[in-house]
Amino acid sequence: MRLLSGLDDRIGAQAYPATTEEVIEEYGDIELELPNGDEQLGDVLGRLDSETFETAEDLRLATLSAVSSNAIGRKGYSDRDPSCLGEDGHEQVSF
């Protein structure tokens, strides 16, 4: 995923297993470029409970699960499903 493309190389050099605190101390200042702004890795991981990452992939997946809504391109957007009853949705447009 392109969202964390610059992160993979840097966290791959980390010795594993590694705790959340160790990763934040070492890599917390890494800026993640999101579609609607930037976030620091330390802020993202700070949303999670303390855990031990066994691999770089575990850390990458945890990071993806904790990024803010700035990672969402268009909130509530779907080109497949109409809005559910009771939701304020977009009017359907026919081309």
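Buried here means under 20% relative accessible area, with exposed over 50% and partly exposed in between (1.4 Å probe, protein chains only). Helices (H or I, at least four residues) and strands (E, at least two) are DSSP runs, numbered from the N terminus.

A quick note on what you're looking at. This is a predicted model, where local features need pLDDT of at least 70 and side-chain atom pairs count only at pLDDT 80 or more, while totals for chains, interfaces and linings use all residues. Residues are numbered from 1 along each chain as its sequence is written, and side-chain values use heavy atoms, leaving out hydrogens and water.

Strands pair if DSSP finds at least two bridges between them. Click Glu33 and look across to its bridge partner in E3, Asp38. With 2 residues between them, E2 and E3 form a hairpin.

Now hop to Leu45, in helix H3 (residues 41–45). Is Leu45 buried or exposed? Leu45 is buried, with a relative accessible area of 0%. Skipping neighbours within four places in sequence, Leu45 is in contact (heavy atoms within 4.5 Å) with Thr20, Val23, Ile24, Leu59 and Thr63.

Last stop: Leu59, which touches Ile11, Tyr16, Val23, Leu45 and Phe53, not counting residues up to four places away in sequence.
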